[in-house]
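Open the model in your viewer and keep the selection tool ready. Each stop below says what to select and what is there.

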Amino acid sequence: FAFFGMDAYFSDGPGRNDVATVGKTSISVNEFEQALRDQQDRLRSSMDGQVDRALLESEALRRSVLDNLVNRRVLALYAQENRFSVTAQALQETIAAVPSFHDNGQFSLQRYEHLLRAQGMSPAMFEARLAQDIQVQQLALPLGEAAFAPGASAQRFIVAQMEERTVREMRLAAASFAAEAQI
């Protein structure tokens, strides 16, 4: 507490709790720490909990999370400036389609609220974040779909897909090695 938490009592002035500013909006320390925790949780779950603690606390991971937040904020501001919008119906349909909010194959309001509370979010916070994500997707999807692959890359991909290999199998009976095994 004395080494790390004390400055929070003295540095609460405006702008001091921001890790970055994008346009006229800021990314707060709380937002950054939440995104960092989310990324650490994703890494733990993808590696079945067998992740090196040094990786979870590395400067590279922190920089990556911050870069991602800045990129998302830039896209969100662009979407907002260009009046990309998300209808209430589209938002409801997206939420209703999330499998983790289902109970017995149907959307469950109780499960939805419980899962959000467990993550420290209110439904309004989640819906605002989701609406922003959908706006960014409206921007990013057409760009991704408009991309094309150079002819040489496409040709290499097709050749790799059409490649054939011959495989042989050799079976070794365990009984023939049992006498030589040392326990």
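A residue counts as exposed when its relative accessible area is over 50%, as buried when it is under 20%, and as partly exposed in between. Keep in mind that this is a predicted model.

**Stop 1: two positive phi angles.** Select Arg83. It sits in the loop between helix H4 (59-81) and helix H5 (88-96). Its relative accessibility is 72%, so Arg83 counts as exposed. Check the backbone: phi of Arg83 is near 60°, a positive value in a residue other than glycine.

Now go to Asn104, in the loop between strand E3 (102-103) and strand E4 (106-107). Phi is positive here too, near 55°, and Asn104 is not a glycine. Asn104 is exposed, with a relative accessible area of 75%.

**Stop 2: Val86.** Return to the loop between H4 and H5 and select Val86. Val86 is partly exposed, because its relative accessible area is 22%. Which residues does Val86 touch, leaving aside its neighbours within four places in sequence? They are Leu91, Ala131, Ile134, Gln135 and Gln138.

**Stop 3: salt bridges.** The count comes to seven salt bridges. Visit three of them.

- Select Asp41 and Arg44. Their closest N and O atoms are 3.0 Å apart. Both residues lie in helix H2, three residues apart, about one turn of the helix. Asp41 is partly exposed at 43%, and Arg44 is partly exposed at 34%.
- Select Asp67 and Arg63. This salt bridge spans 3.9 Å, N to O. Both residues lie in helix H4, four residues apart, about one turn of the helix. Asp67 is partly exposed at 35%, as is Arg63 at 46%.
- Select Arg72 and Asp133. Their closest N and O atoms are 2.0 Å apart. Arg72 lies in helix H4 and Asp133 in helix H7, so this pair ties together parts that are 61 residues apart in sequence. Arg72 is partly exposed at 32%, and Asp133 is partly exposed at 22%.

**Stop 4: the largest pocket.** Helix H2 (29-46), H4, helix H6 (109-118) and helix H7 (123-146) each give two or more residues to the lining. The pocket holds about 800 Å³ of space. Colour the lining by type: twelve residues are nonpolar, seven polar and eight charged.

Technical notes: Residues numbered from 1 in each chain as written. Predicted model: local features only at pLDDT ≥ 70, side-chain atom pairs only at ≥ 80, totals over all residues. Heavy atoms only, no water. Buried < 20%, exposed > 50% of the residue type's maximum accessible area, 1.4 Å probe, protein only. Contact = heavy atoms within 4.5 Å. 1 Å grid on protein atoms, 1.4 Å probe; cavity = no way out; pocket = protein on both sides within 12 Å on 5 of 7 lines; lining within 4 Å. Points joined across faces, edges and corners; volume = space filled by probe spheres on them. Nonpolar A, V, L, I, M, F, W, Y, C, P; charged D, E, K, R; others polar. Salt bridge = Lys/Arg side-chain N within 4 Å of Asp/Glu carboxyl O.
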